[in-house]
Amino acid sequence: MPKRILQGVVVSDKMDKTIIVRVDRKVMHPLYKKFISRSKKYAAHDETNSHKIGDTVRIRECNPISKTKTWEVIVDEQG
């Protein structure tokens, strides 16, 4: 099964090698048919502590690293 990839914004970087990423999505209300914003926060593993608050990052599902951390930051090498 392929690993899920999500994109979000870093909202906390206070922990060592861990960042909190807020992922926003739009869902349609079942009755009123209006799009509503929903967000969820994920704890992601950041091996190099290189991401700061406000950065946009991509995270990928991985094996559990701790009780709450099952995501890791994808390092995009852009030339």
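Predicted model: local features only at pLDDT ≥ 70, side-chain atom pairs only at ≥ 80, totals over all residues.
Local features need pLDDT of at least 70, side-chain atom pairs count only at pLDDT 80 or more, and totals for chains, interfaces and linings use all residues. Residues are numbered from 1 along each chain as its sequence is written, and side-chain values use heavy atoms, leaving out hydrogens and water.

Start with the strands (DSSP runs of E, at least two residues, numbered from the N terminus). Five of them close into a barrel in the order β1-β2-β3-β5-β4, with mixed pairing; two strands pair if DSSP finds at least two bridges between them.

Next, select residues 35-45, strand β3, and residues 69-73, strand β5. These two pair in the parallel sense over three bridges. Ala44 stands opposite Trp71 in β5.

Now turn to the salt bridges (a side-chain nitrogen of Lys or Arg within 4 Å of a carboxyl oxygen of Asp or Glu). The structure holds four, including the following.

- Select Arg4 and Glu61: their side chains meet at 3.0 Å, N to O. Arg4 lies in the segment before β1 and Glu61 in strand β4, so the pair ties together parts that are 57 residues apart in sequence.
- Select Glu47 and Lys17, whose closest N and O atoms are 3.2 Å apart. Glu47 is in the loop between β3 and β4, and Lys17 in the loop between β1 and β2.
- Select Arg60 and Glu72, another salt bridge at 3.0 Å, N to O. Arg60 belongs to strand β4 and Glu72 to strand β5, twelve residues apart.

Key: Helix = DSSP H or I, 4+ residues; strand = E, 2+ residues; numbered from the N terminus.
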